[in-house]
Amino acid sequence: MWPNRRLCDLLKIEHPIIQAPMAGSATPELAAAVSNAGGLGSLGCASMPPDGLHEAVRKVRAGTNHPFNLNFFAHPQPRTSDAVLAQTMDRLRPYYEELSLGAPPARLPSLGPGFDEARLELVLEVRSPVVSFHFGIPDATAIGRLKQAGLVIISTATNVAEARKLAEAGIDAVIAQGWEAGGHRGSHVPTDPGDGVGTMALVPQIVDAIDLPVIAAGGIADGRGIAAAFALGASGVQIGTGFLSCDEAGTDAPRRALIRSATDMDTMVSNAFSGRAARTKRTRYALEMEESRTRLPDFPQMYSLSAPLGDAGHAKGNGDFDFHLYGQAAALNKELPAGQLMRTLVAETKAIFDALSA
């Protein structure tokens with residue numbers, strides 16, 4: 001039924017629907033269920049320790065014999081200056097005092113780049129059929145080794161220039177992530193929260209710019225969105241928020257409740273939690289941090305300053321500091337098992353294709 005099968009043929013899947021690799025919410029059970037239903041299940045592996053990654057892959061393989069995807073962050077090593085840390089501590093001190101936390105941490109954790117030699121060796125060891133990247137791509141040597149091992153490589157672009165860069169690097173398919181998408185914007189360099197291109201404008205421009213399968217992402221939650229993506233020239237879609245309400249997802253109860261009552265205006269883009277722009281539920285903390293924007297510690301070091309606020313607020317029943325990631329189309333979510341959701345998405349899209357060809 002699919003008018004463009006480039007992505008299906010590349011990934012060896014029945015339906016060109018990728019479940020986004022949402023760290024913490026994309027469980028092995030969710031990934032296996034999506035893959036069993038003909039899509040591509042994914043796991044967010046950026047912060048997984050080696051033992052955790054091996055166990056997650058084992059669980060996925062125990063649940064499906066179909067292709068699946070492992071996702072990693074390709075950000076550079078964070079190098080926050082002392083001046084930026086001091087300025088951020090001053091700015092957060094009133095929040096720490098409000099929550100009786102004392103002073104903000106005076107030191108940041110020492111972290112390496114998002115995708116290093118150790119993670120490369122892990123991927124080559126477990127040999128997932130597909131590996132994807134956010135925030136850019138690893139160096140040419142790593143890409144060459146992944147391709148030599150026969151892995152399909154996909155990565156995110158948030159503008160045309162990034163898509164061209166990915167194509168030149170030898171990536172097999174490009175995710176065109178629109179501004180509507182929940183979670184972190186996959187831009188190759190940090191951007192201001194308001195600096196983004198919507199899916200409707202982004203997808204056709206990337207389709208015109210590169211000769212690779214393009215995967216539309218952002219604001220797609222039902223058959224109407226999938227059919228629209230194909231009309232724009234996409235070869236498939238990536239859906240994240242739409243899978244957060246599935247039985248198999250690791251979505252916690254507070255975020256499930258928020259999504260259940262979501263509206264189109266619930267979310268905003270903020271870098272106040274991680275140091276990188278991410279679409280999250282509007283909160284007092286995020287709104288106030290956006291009122292007067294200053295340089296923040298690099299991703300992901302900023303978490304060490306913001307996470308204590310969220311933990312303390314949660315313990316007090318105060319949601320002002322929560323970091324709940326979901327997209328602008330959350331109100332369209334369906335609370336279904338992942339396999340049933342996949343069948344519903346395919347049926348809805350087919351009905352639209354059939355109506356258009358009648």
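Residues are numbered from 1 along each chain as its sequence is written. In this predicted model, local features need pLDDT of at least 70 and side-chain atom pairs pLDDT 80 or more.

An open sheet is formed by 8 strands in the order β1-β9-β8-β6-β5-β4-β3-β2, with parallel pairing. Strands (E, at least two residues) and helices (H or I, at least four) are DSSP runs, numbered from the N terminus; two strands pair if DSSP finds at least two bridges between them. β1 (17-19) and β2 (41-44) are at the edges with a single partner strand each, so one side of each has no neighbour in the sheet. Strands β8 (residues 214-217) and β9 (residues 236-239) pair in the parallel sense over 3 bridges, and isoleucine 215 is opposite glycine 236 in β9.

Helix α7 (residues 160-169) lies across β5 (152-157) and β6 (173-177), at about 160° to β5. Helix α9 (residues 223-231) lies across β1, β8 and β9 and runs at about 140° to β9. Angles run from 0 to 180 degrees between N-to-C directions, with axes fitted to C-alpha atoms, for helices over the stretch in contact (heavy atoms within 4.5 Å).

The whole structure contains 15 aromatic pairs, defined by ring centres within 6.5 Å, with planes under 30 degrees apart counted as stacked, over 60 as edge-to-face and the rest as tilted. The rings of tyrosine 95 and tyrosine 285 are edge-to-face, because their centres are 5.4 Å apart and their planes at 80°. Tyrosine 95 belongs to helix α4 (residues 82-98) and tyrosine 285 to helix α11 (residues 284-291), 190 residues apart.

Key. Side-chain values use heavy atoms; hydrogens and water are left out. Rings of Phe, Tyr and Trp (its six-membered ring) pair if their centres lie within 6.5 Å; planes under 30 degrees apart count as stacked, over 60 as edge-to-face and the rest as tilted.
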